[in-house]
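Please look over the sequence and the structure below before reading on. The paragraphs that follow lead through it part by part.

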Amino acid sequence: MAFPGLAERVADVRSRIAAAVERGGHGQQVTIVAVTKTHGPEAPRAAYECGLHDVGENKVQEATKKIAAVDVPVRWHLIGHLQRNKVKALEQFVLLHSLDSARLADAVCEFGIGRGRAVDALVELNLSGEGTKGGYHLADLLPEAERLATLSGIRVRGVMTMASFTATETEIRRTFAEGREARDILAGAGHPATELSMGMSNDYEIAVEEGATMVRLGTTLFGARAK
């Protein structure tokens, strides 16, 4: 079997998430998105067999090949940056986590209108201030939230963000609390914004305590990434 011990790791993660929900007091349901980037088709299959039906991929090209090779009905999430010339690939995903610019939003909206069904997306926020990360800054979100509300080809379901890998716990919590604030801004602008995609293998318990409804886990589930 691929990834021996995966079922036990999934059970441990679920237990940790339940405890974190209790500590945080937000009472939310949490979806585990199994991140299978750099692993082969056996990773989504193994995840599905262990009860994880949501799978995240970073790159369209890698995801497209994997989707074609996977024969179990997982729900595919695009969690990495999407180039505007590849928006048609969104037909294969249930959720785009990385709506990171107005220009991308316009392209995604056009695709959604063209296919006759809005694209479900999360607004990506750069709350840690790192230049290497994409996404909106919190100060820019309100005017963009109002603009996005006029784009009928997109359905904004919430927010995606990540904390700096070098941040202290206090800084991580501040980032995730700002994610909650951003979701409230989107909801206030009329969006059906209920989701908070935040937390990865190194900080998912803190993210859940701060209200995350989706956590993106790779290494915790599958071990170190393949090269």
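**A walk through the model**

Phe222 has a relative accessible area of 7% and is therefore buried, where buried means under 20% relative accessible area, exposed over 50% and partly exposed in between, found with a 1.4 Å probe and protein chains only. The model is predicted, so local features need pLDDT of at least 70 and side-chain atom pairs count only at pLDDT 80 or more, while totals for chains, interfaces and linings use all residues. Residues are numbered from 1 along each chain as its sequence is written, and side-chain values use heavy atoms, with hydrogens and water left out.

What does Phe222 pair with? Its partner is Phe3, and the two form an edge-to-face aromatic pair, with 5.0 Å from centre to centre and 65 degrees between the planes. A pair of aromatic rings is described by the distance of the centres and the angle of the planes. Rings of Phe, Tyr and Trp (its six-membered ring) pair if their centres lie within 6.5 Å; planes under 30 degrees apart count as stacked, over 60 as edge-to-face and the rest as tilted. The structure holds one aromatic pair. Phe3 lies in the segment before helix H1 (6-24) and Phe222 in helix H8 (residues 219-222), so the pair ties together parts that are 219 residues apart in sequence. Helices (H or I, at least four residues) and strands (E, at least two) are DSSP runs, numbered from the N terminus.

Phe3 is also buried, because its relative accessibility is 14%. Although Phe3 is not a glycine, its phi is positive, at about 55 degrees. Thr38 is another residue that is not a glycine and has a positive phi, here about 70 degrees. Thr38 sits in the loop between strand E1 (31-35) and helix H2 (42-49). With a relative accessibility of 35%, Thr38 counts as partly exposed.

A further loop, between strand E3 (75-78) and strand E4 (95-99), holds Ile79. Is Ile79 buried or exposed? Ile79 has a relative accessible area of 10%, and so it is buried. Leaving out residues up to four places away in sequence, Ile79 touches Val35, Gly56, Glu57, Asn58, His97, Ser98, Met160 and Arg216. Contact here means heavy atoms within 4.5 Å. Ile79 and Leu122 are 43 residues apart in sequence, and their C-alpha atoms are 9.5 Å apart in space.

Next come the helices. Helix H5 (residues 138-148) packs with helix H6 (residues 169-188) at an angle of about 15 degrees, and their axes are 9 Å apart. Axes are lines fitted to C-alpha atoms, for helices over the stretch in contact, and angles run from 0 to 180 degrees between N-to-C directions. H5 and H6 are therefore roughly parallel to each other; angles under 35 degrees count as roughly parallel, over 145 as roughly antiparallel, 65 to 115 as roughly perpendicular and the rest as oblique. The crossing of H5 and H6 is right-handed. A crossing is right-handed if the near helix is turned clockwise from the far one by less than a right angle, and left-handed if anticlockwise.

Which residues make the contact of H5 and H6? On the H5 side they are Leu138, Leu141, Leu142 and Ala145, and on the H6 side Glu178, Glu181, Ala182, Ile185 and Leu186. By class, this contact of H5 with H6 has seven nonpolar, no polar and two charged residues. Ala, Val, Leu, Ile, Met, Phe, Trp, Tyr, Cys and Pro count as nonpolar, Asp, Glu, Lys and Arg as charged, and the others, Gly among them, as polar.

Two of these residues can be followed further. Leu142, in helix H5, is partly exposed, with a relative accessible area of 44%. Glu178, in helix H6, counts as partly exposed at 23% relative accessibility. Apart from its neighbours within four places in sequence, Glu178 is in contact with Leu127 and Leu138.

H5 also meets helix H4 (residues 102-115): the axes come within 12 Å and cross at roughly 15 degrees. That makes H4 roughly parallel to H5, and the crossing is right-handed. Ala102, Ala105 and Asp106 in H4 meet Glu144, Arg147 and Leu148 in H5. The residues of this contact divide into three nonpolar, no polar and three charged.
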